[in-house]
Amino acid sequence: MILLSVRLLFHWGFWARPLFMSARQPTMTVPPPTVFVGALARGLAELLRARGRGVPEYRRAGGRYFVPLAQSLGRCVERVYFRLLRGGVSAAVDKTRVFQGPYIRLENLRDPTQRFAVRDLGKAYAPGAEAEFAALVREGCEVGEGDARVSLDVATLVAAAHAVTRLGPAEGVVAVADATAMRWEDCVEVHDVKILEMPCPYFPWGGGELPPPWRTTQFLDWRDERVWSDQRVQGDVVVYAVPESEWAPLRVEFPPCSTLPKVKIVECGGLWYVDPRV
């Protein structure tokens, strides 16, 4: 197993809707795992195109659409972590002028006043904040289709990570500061209290009570193929431990790992992660 760690800087922030909510709703204040898996899939697409093997952004089959590269990558990712290393996230609701063509009734299509409207859109502001996304990936797993296929190894994952330019929607621009990959088997358990005072990433939670300021939430399961299609609302979910107020209008910072006394913490390449298998 390979642990891919990507450090990035937010330009202004991001937005990500809670489960099953429309685009005109509040935003989560932590980006879900699917955001990173999708961004990494786009990075792999850019890598394949650079090698002369184009891959479609989406396909249609049987009257439905799906994202083939994200589907195949999702099956290769065992776990996703995210944390803020510096700065915080504050949620807000902005008034935004949007095109609402798909929602206009047929009898009003010729009325120009119906084409645009001012809507409330939730956004998570984190200007200049430094964050880390990490993914536990099966080494040698093949991603892609037809001739546009690639086997995941350290070099491929690092190259794809450096091609990431945004998280989620197109306006969620990020700058990748660094990307490293290491083998999960080389990670070691730590008990040093000073080490555990560093920010702790969100992680899969197997059950039981969590100490404050942690809470549980549900994210779409990136391993379910339906999540990468127009059937995403039927997709499976995974339970994660996240900092409090994951989509409340409060400033969110990631607490230290010392707030989780009953979990196993492992050190990998100078950073620390929760091993939920214990």
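Select Lys-123 to begin: this residue is buried, with a relative accessible area of 19%. The cut-off for buried is under 20%, so Lys-123 falls on the buried side. Keep in mind that the model you have open is predicted.

**Stop 1: around Lys-123**

Lys-123 is found in strand 7. Now show its contacts, leaving aside neighbours within four places in sequence. Trp-12, Phe-14 and Trp-15 are among them.

**Stop 2**

Which strands make up the open sheet, and in what order? Three strands form it, in the order 2-7-6. Their pairing is antiparallel. Strands 2 and 6 are the edges, each pairing on one side only. To see them, select 13-14 for strand 2 and 90-99 for strand 6. Strands of a sheet pair through backbone hydrogen bonds.

Gly-13 stands opposite Tyr-125 in strand 7. Phe-14 faces Ala-124 of that strand.

Cross to strand 6. How many bridges pair strand 6 with strand 7? There are ten, and the sense is antiparallel. For one example, pick Val-93: its bridge partner in strand 7 is Gly-122.

**Stop 2: the loop between strands 6 and 7**

Select Ile-104. It lies in the loop between strand 6 and strand 7. Is Ile-104 buried or exposed? It counts as buried, at 13% relative accessibility. Leaving aside neighbours within four places in sequence, Ile-104 is in contact with Leu-109, Gln-114 and Arg-115. Then draw a distance from Ile-104 to Phe-116, C-alpha to C-alpha. The two are twelve residues apart in sequence and 9.9 Å apart in space.

**Stop 3: Glu-189**

Go to strand 12, residues 188-189. Glu-189 has its place there. This residue counts as partly exposed, at 42% relative accessibility. Which residues does Glu-189 touch, not counting those up to four places away in sequence? They are Lys-264, Ile-265 and Val-266. Next, draw a line from Glu-189 to Arg-166, C-alpha to C-alpha. These two are 23 residues apart in sequence and 33 Å apart in space.

**Stop 4: the whole chain**

Zoom out and colour by secondary structure. The protein chain has three helices and 17 strands. Its radius of gyration is 20 Å, close to the 19 Å that the globule rule gives for 278 residues, so the chain is as compact as a globular protein of that length.

Colour by burial. Of the 278 residues, 47% count as buried. Now look at contacts with a separation of 6 or more: residues 24 or more positions apart account for 75% of these.

The protein chain exposes about 13,500 Å². Carbon and sulfur atoms supply 52% of that area. Finally, colour by charge. There are 34 positive and 32 negative side chains. The centres of the two sets lie 7 Å apart.

Methods:
Residues numbered from 1 in each chain as written. Predicted model: local features only at pLDDT ≥ 70, side-chain atom pairs only at ≥ 80, totals over all residues. Heavy atoms only, no water. Pairing = 2+ DSSP bridges. Helix = DSSP H or I, 4+ residues; strand = E, 2+ residues; numbered from the N terminus. Buried < 20%, exposed > 50% of the residue type's maximum accessible area, 1.4 Å probe, protein only. Contact = heavy atoms within 4.5 Å. Rg over C-alpha atoms; globule rule 2.2 N^0.38 Å. Areas by Shrake-Rupley, 256 points an atom, 1.4 Å probe, with all protein chains shown as cover. Lys, Arg positive; Asp, Glu negative; His and termini not counted. Charge placed at Lys NZ, Arg CZ, Asp CG, Glu CD.
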